[in-house]
Amino acid sequence: FADRNTNKRSLCLNMAMPEARDIARRLVAGSDIVSNSFTPGVMGKFGLSYEAVREINPRAIYLSMSMHGQDGPESSYLGYGMMIGALTGMHHLSGFPGRPPLGTGTNYPDHVPNPGHAAFALLAALRHQRRTGVGQYIDIAQTEPMVALLGTQILEYTANGHDPQPLGNADLSACPQGVYPCLGDDRWLAVTVENDTQWAALVPVLDLIPQPGWETAAGRRVAADAVDAAIAAATRRCDAVELMRTLQAAGVPAGVVNNVVDVVDRDPQLAHRGHWVRLPHPEMGQTLYNAPPFRFSAMSIEYRRGAPLLGEHTAEVCREVLGMPDEEITRLTDDGVLT
């Protein structure tokens with residue numbers, strides 16, 4: 001929450017109360033975008049359906065991001081990121097052959113592809129708004145951006161009639177490809193061999209004794225488990241960073257599996273770009289944040305403040321955006337309208 005809400009202000013309304021809904025409508029009147037991720041019908045209960053918002057503000061762009069979209073046989077289903085990953089087939093492709101699906105370890109669908117697709121849709125709608133003066137309704141089903149990202153696997157099925165299975169760290173063409181243990185506690189190195197030339201470069205670096213047939217990719221794929229075991233036995237004796245550099249110098253793709261300490265304190269590229277930012281937070285104190293991952297040549301992007309507490313700026317927004325007098329803000333707070 002903190003990392004995704006820098007520079008924002010938080011206003012909290014008790015939408016069960018009519019005066020709170022009136023305040024929401026006043027905010028809508030001055031907004032370019034009205035966004036929600038509720039299941040269909042919730043915004044309508046608040047008096048904030050698209051039709052109601054359009055009456056208040058014809059320029060408003062109305063973005064709905066429910067799990068299955070606003071209509072259809074499953075539109076009323078409530079869902080979260082891991083459910084979306086399971087429903088769209090992503091979990092089927094994750095993990096190791098013969099083992100249960102692993103998923104992504106985080107709510108990937110609603111963190112990455114869904115807001116990314118929503119941003120593109122909003123930019124197009126804003127362009128239309130600025131050319132015509134009219135807003136519109138954007139209906140995003142959060143399952144659909146995930147399906148769009150499975151293009152290769154869907155093509156494998158539609159073109160070849162084959163249902164792709166989880167591969168773990170393996171690859172259909174590169175062999176070996178895996179994550180191998182190195183010296184130290186929980187230190188690992190990712191290595192990919194894309195062709196026979198890279199294999200020939202890998203062998204002397206690790207002092208491997210290849211078995212007959214391993215000189216070709218086809219032979220290595222047949223003996224993939226034995227190849228992986230031989231590589232792992234060799235990498236266990238090596239420092240991950242040193243081995244990475246040696247393999248890269250030999251033309252073999254390799255990369256250290258960084259832990260959190262590596263990423264925050266030791267990554268030279270992130271440090272060079274000033275990626276990590278520390279900002280004060282009223283409860284957590286000085287807190288680490290990701291900087292925006294883009295840089296503009298004609299303007300600077302700065303974080304002015306960390307993420308807000310829920311309702312931290314309720315009075316401020318009512319005062320500065322809606323022009324409410326302090327007496328009214330106090331009354332609405334005492335009445336439980338503002339929280």
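How much space lies in the second largest pocket? About 450 Å³. This is a predicted model, where local features need pLDDT of at least 70 and side-chain atom pairs count only at pLDDT 80 or more, while totals for chains, interfaces and linings use all residues. Residues are numbered from 1 along each chain as its sequence is written, and side-chain values use heavy atoms, with hydrogens and water left out.

**Pockets**
- A pocket is an open set of points on a 1 Å grid over the protein atoms alone, where a 1.4 Å probe fits, with protein on both sides within 12 Å along at least five of seven lines; lining residues have an atom within 4 Å of a point.
- A volume is the space filled by probe spheres set on the points, which are joined across faces, edges and corners.
- The largest pocket comes out at about 2100 Å³.
- Its lining takes in 45 residues, and N5, K8, S35, N36 and S37 lie nearest the centre.
- D3, R4, T6, K8, H275, N290, P292, P293, F294 and Y303 line the second largest pocket.

**The sheet**
- Three strands make an open sheet in the order β4-β5-β6, paired antiparallel (strands are DSSP runs of E, at least two residues, numbered from the N terminus; two of them pair if DSSP finds at least two bridges between them).
- β4 (177-181) and β6 (254-256) sit at the edges with a single partner strand each, so one side of each has no neighbour in the sheet.
- Strand β5 (residues 188-192) pairs with β6 over three bridges.
- In that pairing, V191 stands opposite A254 of β6.

Methods. Helix = DSSP H or I, 4+ residues; strand = E, 2+ residues; numbered from the N terminus.
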